[in-house]
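Subject: Structure handover

Hello,

Here is the structure for your files. Please look it over, then read the notes below.

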Amino acid sequence: MAIILGIESSCDETSASICIDGEIKSNVIANQDIHAIYGGVVPELASRAHQQNIIPTVDQAIAAAKIHKNAIDAVAFTRGPGLLGSLLVGTSFAKSFALAMNIPLIEVNHMQAHILAHFIENPKPTFPFLCLTVSGGHTQIVLIKDYFEMELLGETLDDAAGEAFDKTAKILNLPYPGGPLIDKHATLGNPKAFQLPEPQIADLNFSFSGLKTAILYLVQKEMKSNPHFLEERMNDLCASVQDRIVSILLNKLKKAAKITGVKNIAIAGGVSANSGLRTSLQEMGEKYHWNVFIPKFEYCTDNAAMISIAGYHKYLTQDFVGQDIAPMARMHVS
Ligand code: KG4
Ligand code: ZN
């Protein structure tokens, strides 16, 4: 039997999870509401909040899994990518815990973990599969050949998809993080109400900065003649923005499937919680006869369940690290 404690602290969520033999027994997430008033994550406040949250979060995860901490076989933690001050809290905790309990330490790449969240529940994807990972910091198309053998096929050249949602939301006067709010308004609006540009980027790379500028100019122009434009057209604006972001993402995914010939297609990361993306991907999957894998909501945004499942798969091959391990703000998926 293998009991793994997973720790996630790369951005503004402190999370701990217990995985027993590949099954998630607990996944506790402490959100940090403090950032909302600043319109984005404030790194210094995030690391301070992680320090306050880490011990109670781990205690809760152990209690919810109904185990004793002495039963834990290894501790897995997010090494990067992420905010260095935030990563340091999780890394230091994991190292101290491993040292005190005399158990092995496992480093996990946050971007790989978002993808490996697909191995939490059934049906699990078979190798090789393609994954569109879309979060607040990343937008990538990755070819997954094995648990830890991944190839980056394309990525964003500027903003990430989550940033496109959040920055647009800011222009629309919606609070941070705006992605979920755009999603909510979009369900009530007309996605074809406003024509927004699709960037002409070659290969499998993405660009979202032009979209943000187009929305800014549209809002500024309309507000001149109608100061109530935002309130009156909020649903249509959100639906149109979401529709364009989703079409940019899925057109590239379609291209990647065509180039590689891979028909197992997954999405991961915070933006994969978006209802428009989930529905459109399902429809596209039916049209092109893909096997589509969409994670449960709680495993889309940052969580430690994905860290403990990734840790479990490293535990099986005894892939451990020493106490000299340090977090890294930048880490590649492959
Ligand atoms: O993966 P994640 O939790 O954290 C990072 O590693 O970045 O992703 C957070 C991002 C934010 O930009 C947030 O606005 C976006 O995911 N997001 C959404 C939705 N839920 C979260 N974007 C669009 N629609 C949603 N329903
Ligand atoms: Zn993430």
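An N or O atom in the side chain of His 110 is 3.4 Å from an oxygen atom of ligand 1. That is a polar contact (a pair of N or O atoms within 3.5 Å). His 114 also places a polar side-chain atom 3.3 Å from an oxygen atom of ligand 1. For Gly 136, a polar backbone atom is 2.8 Å from a ligand 1 oxygen. The protein covers 89% of the 550 Å² of accessible area that ligand 1 has on its own (Shrake-Rupley method, 1.4 Å probe).

This is a predicted model: local features need pLDDT of at least 70, side-chain atom pairs need 80 or more, and totals for chains, interfaces and linings use all residues. Residues are numbered from 1 along each chain as its sequence is written, chains are lettered from A and ligands numbered from 1 in the order written, and side-chain values use heavy atoms, without hydrogens or water.

Now the shell around ligand 1. There are 18 residues around the ligand (a heavy atom within 4 Å), and Gly 136, Asp 166, Asp 183, Gly 270 and Asn 274 come nearest. Five shell residues are nonpolar, ten polar and three charged (Asp, Glu, Lys and Arg count as charged; Ala, Val, Leu, Ile, Met, Phe, Trp, Tyr, Cys and Pro as nonpolar; the others, Gly among them, as polar). Domain 1 (3-116 + 299-316) and domain 2 (122-295) both give residues to this shell, so ligand 1 lies between them (bounds from an automatic or database domain assignment).

Best wishes

Key
Polar contact = N/O pair within 3.5 Å; in protein donor to acceptor, adjacent residues only side chain to side chain.
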